[in-house]
Amino acid sequence: MADTKPDTVIEARGLTKVYGSHRAVDAIDLGIRRGEIFGLLGPNGAGKTTTILMMLGLTETSGGSVDVLGFDPVRQPLEVKRRVGYLPDAVGFYDHLTARENLRYTARLLSLPRREAETRIAEAMESVNLAEVLDKRVSTFSRGMRQRLGIAEIVMKRAEVAILDEPTSGLDPHSTFELLEMIRGLKRAGVAVLLSSHLLDRVQSVCDRVALFNEGRIALMGTVVELANQVLGAGHPILVEAAGIDIAATLRGIEGVQSVMPEGEGEGAWRVVADRDVRAAVAHRIVTSGGALTRLADLQPSLEEVYTRYFEGARRAA
Amino acid sequence: MKELADHLSSVRMLILTLFVIAFGAFPVASSLQTLRTVVDPNSFLFLRIFTLEPEQVGISFVAALNFIIPLMAIGLGFDSVNSEFNRRTLSRVLSQPIYRDALLMGKFLAGLATFAVVLVALWLIVLGAGLLLLGVPPRGVEVARGVGFLVVAIAYGGVWLAISMLFSVLFRSTATSALCALGLWLFFFLLWPQLASAIVSAVAPGEIRSVEDYAALQDLAMGLMRLSPGTLFSEAVLGLLSPETRTLGPMLPAQMRGAILGAPLPFDQSLLLIWPQITGLIAGMIVVFAAAYVVFQREEVRA
């Protein structure tokens with residue numbers, strides 16, 4: 001553990017990876033704090049997986065440095081690997097072995113004592129709801145179950161940092177939900193989670209902070225709300241639906257309201273952006289003006305929107 | 001350990017074993033037939049089981065092994081690393097706290113152990129059959145030479161195992177790696193002897209004026225041939241199993257002085273004779289393994 005920054009578990013400075021003439025990862029800086037869920041987002045080929053591999057010491061860096069829990073993955077790979085759990089994209093297990101045997105094998109690689117390993121395996125499988133298939137062959141497992149088995153491996157390892165590469169890709173909504181729930185469980189156990197994905201809305205619900213990758217660089221980094229403020233402009237958007245009055249004229253007078261725009265194709269639906277939560281004032285104004293308020297909703301900024309808007313902007317700039 | 005269990009329980013292993021037994025049984029059975037008719041208490045009867053070329057089969061047990069050992073080693077090694085990659089287990093395994101060389105070493109040792117088990121079993125079967133059918137117990141020196149033969153055979157297998165593992169590290173596709181390993185094997189077996197003699201005749205001066213010229217040419221030919229692990233193996237085995245072998249190269253008159261033709265050398269002298277071959281095999285194994293190791297260390301494990 002780094003003594004200077006006890007709450008930073010992964011720190012990358014000027015991290016670069018060059019394949020031939022192509023800069024897959026171009027001098028990125030990022031820091032991940034203990035106990036947070038950090039999302040690496042971006043289109044395929046933006047450098048997410050390469051960044052992860054460099055953090056694990058599975059590929060050499062071309063420049064810059066990574067520090068994982070105070071260790072250098074290139075020079076001290078064992079120290080890093082002992083403390084970090086990794087779930088690769090489309091994880092593979094030995095199909096002809098049972099789930100228990102697969103975990104036992106990992107336990108032996110970790111040189112856990114036998115009895116300790118057995119209890120940890122049982123606990124880990126319990127925590128990912130796979131206890132009843134512990135002695136089934138992995139070849140009978142669905143994709144979702146394999147991913148959960150991968151999480152179980154990380155739980156068994158008692159990793160301080162979990163790195164998940166595209167954990168939800170190829171999963172049905174229910175499995176995705178379950179998996180994200182388990183990721184939250186990891187966080188509750190005090191594990192820092194780094195996950196990469198291109199599925200934005202799913203990731204938005206679990207991530208504390210995200211970094212948006214674009215062509216090997218980090219385009220944006222911060223909480224989802226911060227990103228939204230940067231890309232979509234500051235403000236607190238709400239959705240108002242009302243009948244019987246001129247909404248635009250009525251609402252513009254409220255203190256703090258910055259804009260009132262028609263939303264979508266529906267009649268009478270308006271998007272109101274203010275610098276604070278103005279829902280109470282809006283409701284009051286509409287009712288006192290004699291209008292019929294039919295809907296009033298808080299619009300969370302969606303990462304999807306941030307993402308689309310950002311890349312539109314980037315393309316226009318190019 | 002898991003690797004060893006994998007090998008021993010796999011279907012491939014069963015097929016390979018059957019293959020080896022079928023291949024080895026014929027020469028042994030017919031050489032035993034022949035040997036029963038010979039009564040010569042002084043000759044190394046048991047060793048003759050291995051080396052006799054029975055007329056019906058036309059290939060001795062040793063020659064059959066020379067042919068079959070590489071095949072078996074390739075069979076054990078050609079997909080050792082890239083199958084892990086294709087099953088996508090490699091990155092998971094490598095993210096555990098073990099060094100990469102531990103993985104490679106484990107695979108190599110497991111393959112070698114599996115291979116040794118089969119070979120020892122085969123060796124014991126042959127010895128047992130000889131004991132039963134000939135009714136003469138082997139002498140101590142024969143057993144010693146037999147064990148020496150076993151060691152050489154395992155080293156020879158190790159070379160090919162290392163070669164096939166090198167290919168499995170180099171190529172992502174198991175089929176490519178199998179083909180390359182088999183191609184190399186065929187090359188050494190079929191093409192290399194002809195290529196070597198072609199090179200020698202290309203290098204040879206127009207006329208051979210002296211014994212030295214001739215000896216140098218012979219040396220070159222032998223040197224080229226010995227690049228093939230198969231040659232090293234058969235020479236080493238020749239020295240071990242045919243005690244009357246005095247030299248592996250051309251015999252000079254000087255070497256004949258005072259020698260009783262056809263008299264066997266003592267075991268330690270035979271061992272001395274083939275020592276370069278044995279070290280050559282082991283060194284080859286280590287060099288190829290080291291190459292595989294270097295390639296594997298630097299490889300990016302992207303799943």
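How many helices and strands does the secondary structure of chain B come to? I found 13 helices and zero strands. For these I used DSSP runs numbered from the N terminus, with helices being H or I of at least four residues and strands being E of at least two.

Ground rules before I go on. This is a predicted model, where local features need pLDDT of at least 70 and side-chain atom pairs count only at pLDDT 80 or more, while totals for chains, interfaces and linings use all residues. Residues are numbered from 1 along each chain as its sequence is written, chains are lettered from A and ligands numbered from 1 in the order in which they are written, and side-chain values use heavy atoms, with hydrogens and water left out.

**Chain B overall**

Reading along the sequence, I wrote down α-α-α-α-α-α-α-α-α-α-α-α-α for chain B. I looked up burial next: 46% of the 303 residues of chain B count as buried (under 20% relative accessible area; exposed is over 50%, partly exposed is in between, with a 1.4 Å probe and protein chains only). The accessible surface of chain B is about 14400 Å², and carbon and sulfur atoms hold 70% of that (Shrake-Rupley method, 1.4 Å probe; for residues, only the protein chains shown count as cover). I also checked contacts (heavy atoms within 4.5 Å). Among those in chain B between residues at least 6 apart in sequence, 80% join residues at least 24 apart.

**Chain A overall**

Chain A has eleven helices and 13 strands. Of its 318 residues, 49% count as buried. Its accessible surface is about 14300 Å², with 49% belonging to carbon and sulfur atoms.

**Two residues I clicked on**

Is B:Ser168 buried or exposed? B:Ser168 counts as buried because its relative accessibility is 1%. I found B:Ser168 in helix α8 of chain B, residues 140-170. Its side chain reaches the backbone nitrogen of B:Val81 at 3.2 Å. Skipping neighbours within four places in sequence, I listed the contacts of B:Ser168, among them B:Gly77, B:Phe78, B:Asp79 and B:Ser177.

Then I went to B:Leu232, in helix α11 (residues 229-241) of chain B. B:Leu232 is buried, since its relative accessible area is 11%. Beyond neighbours within four places in sequence, B:Leu232 is in contact with B:Arg226, B:Gln277, B:Gly280 and B:Leu281. I also noted B:Thr279, 47 residues from B:Leu232 along the chain, with 9.7 Å between their C-alpha atoms.

**Where the chains touch**

I saw 24 residues of chain B in contact with 31 residues of chain A. The two chains bury about 2500 Å² between them, 53% of it on carbon and sulfur atoms (buried area is the accessible area, 1.4 Å probe, that two parts lose on being put together, summed over both).

Which residue of chain B forms a salt bridge with A:Glu153? The partner is B:Arg92, with the closest N and O atoms 2.3 Å apart. The count between the chains is one salt bridge (a side-chain nitrogen of Lys or Arg within 4 Å of a carboxyl oxygen of Asp or Glu).

On the side of chain B that touches chain A, α1 (2-9) and α6 (90-94) are the elements that give two or more residues. α6(B) gives the most, with four residues.

Note on methods
A polar contact is a pair of N or O atoms within 3.5 Å; within protein, one must be able to donate a hydrogen and the other to accept it, and residues adjacent in sequence count only if both atoms are side-chain atoms.
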